[in-house]
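Visitor: Could we go through this model together, a bit at a time? I'd like the cut-offs as we go.

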Amino acid sequence: MSTAATPRIDQFLAFYNGLSGQNIETLPQLYHADVSFIDPVHQLHGRNALTEYFTHAYARLQHCEFIALQQMEQGEQGFISWQMQFSHPAIGKGKTIMVNGCSVLRWQDGLIIYHRDYYDLSEMVYQHLPVIGWLTDKVKQRMANGQ
């Protein structure tokens with residue numbers, strides 16, 4: 001996989017690294033009005049629903065940065081694996097959290113019509129919450145030991 005010939009994914013990455021609660025209105029520059037957005041928590045349809053989601057998600061976010069690991073574009077489809085570093089006051093007491101994931105993208109009329117993120121929700125949220133984090137760790141230990 002290469003990073004040299006992926007202009008739309010480079011644009012996608014730059015967009016997310018510049019996104020904040022103050023510039024959510026720039027979503028129409030990247031997303032189609034009929035976009036389907038799926039992640040481990042949400043399944044949204046339409047740019048208006050996506051705008052509402054990001055308005056809420058970025059409201060208290062202190063920092064968020066994506067580092068590209070691998071990426072590929074072919075025709076109207078693309079893929080990027082990434083590491084996200086973020087901090088939010090309600091998760092892990094605001095400390096920086098790193099999450100590995102990937103995005104599958106499809107374009108139509110030059111805009112993203114399909115965006116699906118894959119990442120471990122436990123790695124992002126659950127393990128950083130006091131009681132749930134402890135329980136999540138215990139379940140993972142039991143599974144690793146074949147119990």
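Visitor: Which residues does phenylalanine 12 touch, not counting residues up to four places away in sequence?

Guide: This is a predicted model, in which local features need pLDDT of at least 70 and side-chain atom pairs count only at pLDDT 80 or more, while totals for chains, interfaces and linings use all residues. Residues are numbered from 1 along each chain as its sequence is written, and side-chain values use heavy atoms, with hydrogens and water left out. With contact meaning heavy atoms within 4.5 Å, phenylalanine 12 touches Leu30, Tyr31, Ile80, Ser103, Leu105, Ile112 and His115, leaving aside residues up to four places away in sequence.

Visitor: And how many residues has the largest nonpolar core?

Guide: The largest nonpolar core has 31 residues, and those with the most contacts inside it are Phe12, Tyr16, Tyr31, Leu50, Phe54 and Ile112. Such a core is a set of buried Ala, Val, Leu, Ile, Met, Phe, Trp, Tyr and Cys residues joined through side-chain atoms within 4.5 Å, where buried means under 20% relative accessible area, exposed over 50% and partly exposed in between, with a 1.4 Å probe and protein chains only.

Visitor: Which element gives the most to this core?

Guide: That is α1, with five residues. Helices (H or I, at least four residues) and strands (E, at least two) are DSSP runs, numbered from the N terminus.

Visitor: Changing topic, where does aspartate 39 lie?

Guide: Aspartate 39 lies in the loop between β1 and β2 (43-45). Aspartate 39 is buried yet has no salt bridge, and the nearest side chain of opposite charge, arginine 116, is 8.5 Å away. A salt bridge here needs a side-chain nitrogen of Lys or Arg within 4 Å of a carboxyl oxygen of Asp or Glu; for charge, Lys and Arg count as positive and Asp and Glu as negative, with His and the chain ends not counted.

Visitor: What does aspartate 39 touch, then, not counting residues up to four places away in sequence?

Guide: With those sequence neighbours left out, aspartate 39 touches Tyr53, Asp117 and Tyr119.

Visitor: On to the strands: how many bridges join β5 to β6?

Guide: Eight bridges join β5 to β6, which run antiparallel, and strands count as paired if DSSP finds at least two bridges between them. Leucine 105 stands opposite histidine 115 in β6, and phenylalanine 37 also stands opposite histidine 115. β1 and β6 pair in the parallel sense over four bridges.
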